[in-house]
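User: Hi! I'm new to this and would like a friendly walk through a structure. Could you show it to me first?

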Amino acid sequence: MKSGNRVLNALQGRPVDRPPFICAGGMTSMMTVEAMQQLSADWPRCHHDAKEMSRLAEGVRELTGIENLGVPFCMTVEAEAMGARVNMGTRESEPRVAAYPISRISKWETLSRLSDKQGRIGPVSDAIHITSNRRLPYPVIANLTGPVSLATSLIEPMVLYKAMGKEPALVHEFMQFLCENLIFFGRLMLQAGADVLTVSDPSASGNILGPKGFEAFALPYINQILDALKDHCSPTMVHICGDLKPVFSKLQDLHTRAISIDSATSIAPLLSVLRKDQVIVGNVSTHLLMKGTPRQVERASLTSLKRGVRILSPACGISPHTPLANMQAMAESVRLPLSPISG
Amino acid sequence: MEEKEKQIICRLASGVKNMDEKMTVEAANEALVNHIDPTQAINNGLLAGMNQAGLLYETEEYFVPELLLCSDALYAGLDVLTPHIKSVASKARTRMVIGVVQGDTHDIGKNLVKLMFETSGFDVLDLGRDVPLNAFVDKVKEVQAQLLCMSTLMSTTMDGMARVIEKLEQEGIRNTVRVMVGGGPLNQSFAHKIGADGYAKDAIEAVRTARQLLTSGTEDILP
């Protein structure tokens with residue numbers, strides 16, 4: 001089975017010959033310092049350069065055995081284009097939001113609307129276009145920052161969380177605006193040729209928002225994005241950080257089949273509450289990936305798979321200092337036979 | 001009268017616990033009208049309510065948005081009551097330094113911990129997020145802090161905490177300050193391994209742990 005079909009089928013819960021290994025991009029960036037050295041990459045300049053992004057995604061895929069191609073290498077593209085000041089990072093750190101453009105929710109109308117002229121929106125969709133035109137046997141993943149995470153990149157999170165209780169109608173207006181902009185960017189990336197859409201919403205974490213907050217302010221907007229873009233791509237995936245236990249009962253309402261989880265979430269109890277057609281992506285500890293040995297990474301990968309993960313992936317954004325050998329160990333582990341879990 | 005006093009104190013507490021700013025402010029004003037000692041109204045009313053909110057957070061009935069609204073009600077009540085406290089030589093407050101270690105900009109957890117320490121009467125100096133390791137040491141030295149709290153959500157920046165503790169040792173001030181660490185990927189054994197004095201899984205436990213640490217070894221914290 002070709003890697004491309006394997007990933008696409010697995011994400012849709014269809015049978016595959018073996019589990020695929022993915023690293024979607026965006027929040028779970030594919031890039032590491034060691035890969036950059038081997039590929040003579042120029043961070044942070046490459047974040048603006050479509051050709052470089054495409055070359056690096058392909059290069060790191062070859063070095064590691066990741067079975068997809070994913071850009072960008074950070075989750076600041078949307079926030080920057082809407083007005084956040086972004087520190088582009090260094091050779092060893094990814095771009096991060098340095099200053100929020102608004103201090104009150106009521107100021108949301110002063111934010112810029114996304115367009116391909118704004119910030120790195122154009123280069124990212126061009127990078128997808130270039131990658132997709134190479135017709136490699138690996139799916140290209142479009143990475144979208146989730147609505148709550150985009151919100152907390154534009155305004156101090158504490159202000160947003162408080163407003164959810166005090167001015168819910170205003171927060172809904174703001175979220176609706178963000179959602180429309182995300183749909184625009186998502187459509188642009190899918191029209192540029194991406195095969196899969198991933199929405200990563202770490203700030204929608206169940207243990208921050210709780211079930212009520214998640215149901216009111218995360219779920220409907222993530223679903224709105226998935227619904228609006230479902231005609232442009234086959235599989236979709238949603239990544240949420242933290243322990244999802246408080247929102248377990250809501251996850252079956254997500255309009256996606258593939259749910260990517262952090263190592264903080266336990267697999268078995270999650271499996272018991274998901275829909276029959278939903279699959280878990282994840283969830284190898286990123287700390288282990290940075291600090292552990294390839295043998296330990298292999299063991300952790302096999303444990304995740306035995307517990308029921310159908311698509312192997314890092315649990316969260318990997319450290320740029322993750323050794324290539326550990327990524328390779330993940331790639332090899334999906335090819336190993338699974339023995340039953342002992343103990 | 002005593003019954004009425006009890007009732008007002010009770011409403012102060014439930015105003016905070018139920019995120020009801022209006023009720024809290026009304027009860028605070030009534031406390032003043034009825035000549036209830038403001039210090040008592042704060043301790044037995046407002047802070048007791050915040051404590052109850054903390055317990056609801058620990059049992060996952062409340063989450064971050066709810067806890068923040070409780071703290072807003074608490075502060076609204078404090079605004080009414082504190083100007084009426086007769087200034088008496090109050091016990092010196094414990095001075096602490098807090099921040100998110102360099103390389104990480106996630107500060108929701110840190111801000112919650114800060115909030116719980118503030119509402120528990122600590123004097124909190126917040127260095128913010130993405131804090132250079134030396135800045136922790138310099139600040140602890142400068143203000144002679146008795147407690148240092150460091151957090152990170154990213155497994156990739158955890159090691160910075162160990163380096164801060166090493167630096168405190170190099171500066172010869174390690175035994176003047178209790179060090180606590182916290183954040184998503186951490187646990188007790190990591191805290192132990194890097195030589196921190198304490199670890200807490202959330203903001204509520206952090207205050208409890210800090211109090212234990214500060215009372216258990218006061219002999220070498222006092223100047």
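**A chat about the model**

Analyst: Let's start with one residue: B:A200 is buried, because its relative accessible area is 7%, and under 20% counts as buried. Please keep in mind that this is a predicted model.

User: Where is B:A200 found in chain B?

Analyst: B:A200 is in the loop that runs between β5 and α9 (203-216) of chain B.

User: And which residues does B:A200 touch?

Analyst: Leaving out residues up to four places away in sequence, B:A200 touches B:M180, B:V181 and B:G182, and also B:E205, B:A206 and B:T209. As for B:A210, which is 10 residues away along the chain, its C-alpha atom and that of B:A200 are separated by 9.0 Å.

User: What does β3 of chain B do next to β4(B), parallel or antiparallel?

Analyst: Parallel: β3 (residues 147-151) of chain B pairs with β4(B) over 5 bridges. In that pairing, B:M150 stands opposite B:V181.

User: What holds paired strands together in general?

Analyst: Strands of a sheet pair through backbone hydrogen bonds, and the pairing can be parallel or antiparallel.

User: OK, zooming out. How many strands are in the open sheet in chain B, and in what order?

Analyst: There are 5 strands, in the order β2-β1-β3-β4-β5, with parallel pairing. The edges are β2 (123-126) and β5 (198-199) of chain B, each of which pairs on one side only.

User: Tell me about β1 of chain B. How many bridges join it to β2(B)?

Analyst: There are 4 bridges between β1 (residues 95-100) of chain B and β2(B), and the two run parallel. Across that pairing, B:V97 stands opposite B:L125, and B:I98 stands opposite B:D126.

User: Switching to chain A, then. How many helices and strands are there?

Analyst: Chain A has 13 helices and 9 strands. Along its principal axes, the C-alpha trace spans about 55 × 45 × 35 Å.

User: What does the radius of gyration say about chain A?

Analyst: With 343 residues, a compact globule would have a radius of gyration near 20 Å, and chain A has 19 Å, so the two agree. Buried residues make up 61% of the 343 residues.

User: And what about contacts along the chain?

Analyst: Take the contacts in chain A between residues at least 6 apart in sequence: 73% of them join residues at least 24 apart.

User: Last one: how many positive and negative side chains does chain A have?

Analyst: There are 35 positive and 30 negative ones, and the centres of the two sets lie 4 Å apart. Chain A exposes about 12500 Å², with carbon and sulfur atoms supplying 49% of it.

Terms used. Residues numbered from 1 in each chain as written. Chains lettered and ligands numbered in written order. Predicted model: local features only at pLDDT ≥ 70, side-chain atom pairs only at ≥ 80, totals over all residues. Heavy atoms only, no water. Rg over C-alpha atoms; globule rule 2.2 N^0.38 Å. Buried < 20%, exposed > 50% of the residue type's maximum accessible area, 1.4 Å probe, protein only. Contact = heavy atoms within 4.5 Å. Areas by Shrake-Rupley, 256 points an atom, 1.4 Å probe, with all protein chains shown as cover. Lys, Arg positive; Asp, Glu negative; His and termini not counted. Charge placed at Lys NZ, Arg CZ, Asp CG, Glu CD. Pairing = 2+ DSSP bridges.
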